[in-house]
Structures are given as C-alpha cells and as structure tokens.
Amino acid sequence: MAKIACIFPGQGSQYVGMGKELFATGWGQEVLTTGQRVLGEELIRILLEGPEEELKKTTYTQPAILLTSMAAWRGLQEAGIRPDYLAGHSLGEYSAYTAAGSISLEEALRVVRRRGELMQAAVPEGQGAMAAILGLENAKVEEACRQAREEGGWIVGPANYNSPGQVVISGETDGVQKACHYAKELGAKRALPLAVSGPFHSPLMAEAGKELRQVLAAVAWQDPNVPVIANIDAQEVREGSMIVESLVRQVSGAVLWEQSIRLLGEQGVDTFIELGPGKVLTGLVKKILPGATLINVEDSSSLGKATCIFKGE
C-alpha cells in the first residue's frame, strides 16, 4: 500500500507574506495567535509585511518558517490527511517533531528562536561561508574539501547532501573558496557561493550546539506519534529520548537529506507533501526519487489541490 511522508522546509525558503492565506482560516488563526504570544507582534509583522532583509535574519527566519509550516500542517489535518512518516530539512526537523507531537508549538517556537540566535552569533560575520557544488558526485565533493583542509588547515566540509549532484559545503570563508576551486578541478559544473549569514552545519557551529543542548534538555520531549527521519543519520526516531542528541549533532553536522529520502523510498513512501513556504524540497525529492508523487501546501489553493488529490476528485 502506498505511503505518505510530510516534509518541512528549512532556512532559505522564506518569503514575505508566506502563509498569509492559511493564517486567515480558523485553525490558521490559532497558530498565528500562538506565534504572536510567543514571538511578539514585530516578528509577525515582518513575516507578513517585511521588509525582506529583516525576514532573512536567522533569528526571524527560523521561527517564521516553523510557524508557516505548522499552519500548513494544521490545514492538512483538517483535511483528514495522515502521513506515515515525517522529515524536515535542518530547521524543518523541528517542524517535523512539532507535527509528531514531540513538542508543543509554543515550546518549539521558543527553542527555534533561541537556535537562530545562537547560530547567528556563533561565528563573526565574514569568517564563515557556504557554497553549493553542482554536478559532482558526493565522494569528489568530500575530496575537494579534504584537499582544502590539507592545504590551509581550514575548517570546511559537506553541510547538506541535498540530491544527486547537489551538495552544499560550509566552513571558514577561505576554506570554502579553496574547496570550490578544487571541486571545479574535479569536474563540478558550478560552485555557487550562498547568501547566508553563517557557516551552518559545520564544526564552526559546535559552540552553538553546546548552548543549544541546554535549551533542548529543558524540554519534556515526547515520543513521536509518527516516525521522524533525523537529518544527522537518516534513521527513524521513534523515542523522545533520542531527540536532544540528534538535534545537537545536527547544528554542526551534515544534513543527510538525499539519504533520508532514499530511506523513505525503501519504506514504501511514494507520495511527498511539502508543508510550508516554497517547493525546494519537492524539487530535491524529484531528483532523488523521480517517480514519486509530489505535492506542496503553502496557501489556500495548494491546500485545496492536495485535498482534491487525496479525495480522488
């Protein structure tokens, strides 16, 4: 029997006004009200009205995306659609645990806001960078990073294994630049610097991880009521006791997204619903599992289409 996975986007998918239509519904208003209470009116105003430069700040982006994803999740629940698995990309993993009932929305917003603050402050501006390596197999991207580390002693390595031929690297600015150079020598089609505020998912985030552990440990994590696939090892999380360590490691470790989606495919998942802003993740799934059915829910229209698909209309 066909299985469904709901997947939740991470930082970079945001846009001003995301979720506006969903927040206007009855259940969406409940989500928004929780957001207003926890995050304050200013963040909600930036989410809905901008400016974009403010929304791009990690401390605003992370809770804003979580809030939008949860509005989409509530819409899916109202439509009676129940997934067999949940997964999220980086920040999106927090959305997955919230959807799975492991943490309340209120607690998740507080945790994610603090996570954003810690990640923003972990490395002085200009000292860290990220870049997307396109058209090069994973082993060769790892080799390019190794060569850069050996040449200059820089910290640099893979941060996101997104899909075949798309790996994001992260680390010290000079190390990332040098690894991009070696990646091109090894046959990469492109090496694109990313407009991010820090070297996420690199060892440079280790200190942020230590401080985040204290924040996460204060939460009474519940066992997920739907299995969640963890970024750090692409394995199922079925117990609340596993969550803190997994999320601490995630801050400074690579996101194994391609591996996570392949695992879901092996478990019989053939339908993926992206809940939240944009279609970044469904685009990646299409490259990993070309035959999968792909749906996104980010506004009233896309929620209506999703509902019709599952009702067979």
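This is a short tour of a predicted model, stop by stop.

Residues are numbered from 1 along each chain as its sequence is written. Because the model is predicted, local features need pLDDT of at least 70 and side-chain atom pairs count only at pLDDT 80 or more, while totals for chains, interfaces and linings use all residues; side-chain values use heavy atoms, with hydrogens and water left out.

Stop 1: Over residues 7-307 the chain is 51% helix and 16% strand. The end C-alpha atoms of the range are 17 Å apart. Helices (H or I, at least four residues) and strands (E, at least two) are DSSP runs, numbered from the N terminus.

**Stop 2: strand β2.** Select residues 85-88. Tyr85 and Ala87 point one way from β2, and Leu86 and Gly88 point the other way. In a regular strand the side chains alternate between the two faces of the sheet. All four of these β2 residues are buried, that is, under 20% relative accessible area with a 1.4 Å probe and protein chains only (exposed is over 50%, partly exposed in between).

Two strands pair if DSSP finds at least two bridges between them. Strand β1 (residues 3-8) pairs with β2 in the parallel sense over four bridges, and alanine 5 stands opposite tyrosine 85. Strand β7 (residues 228-229) also runs parallel to β2, joined by two bridges; here alanine 87 stands opposite isoleucine 229.

**Stop 3: threonine 98.** This residue is found in helix α6 (residues 92-99). Threonine 98 counts as buried because its relative accessibility is 11%. Leaving aside neighbours within four places in sequence, threonine 98 is in contact (heavy atoms within 4.5 Å) with Leu66, Met70, Ile103, Ser104, Leu105 and Ala108.

**Stop 4: glutamate 185.** Go to helix α9 (residues 173-185), which holds glutamate 185. Is glutamate 185 buried or exposed? Glutamate 185 counts as exposed, because its relative accessibility is 56%. Valine 168 is 17 residues away along the chain, and the two C-alpha atoms are separated by 17 Å.

**Stop 5: β9 to β10.** Select strand β9 (residues 269-275) and strand β10 (residues 293-297), which run parallel and are joined by five bridges. Threonine 271 stands opposite threonine 293 in β10.
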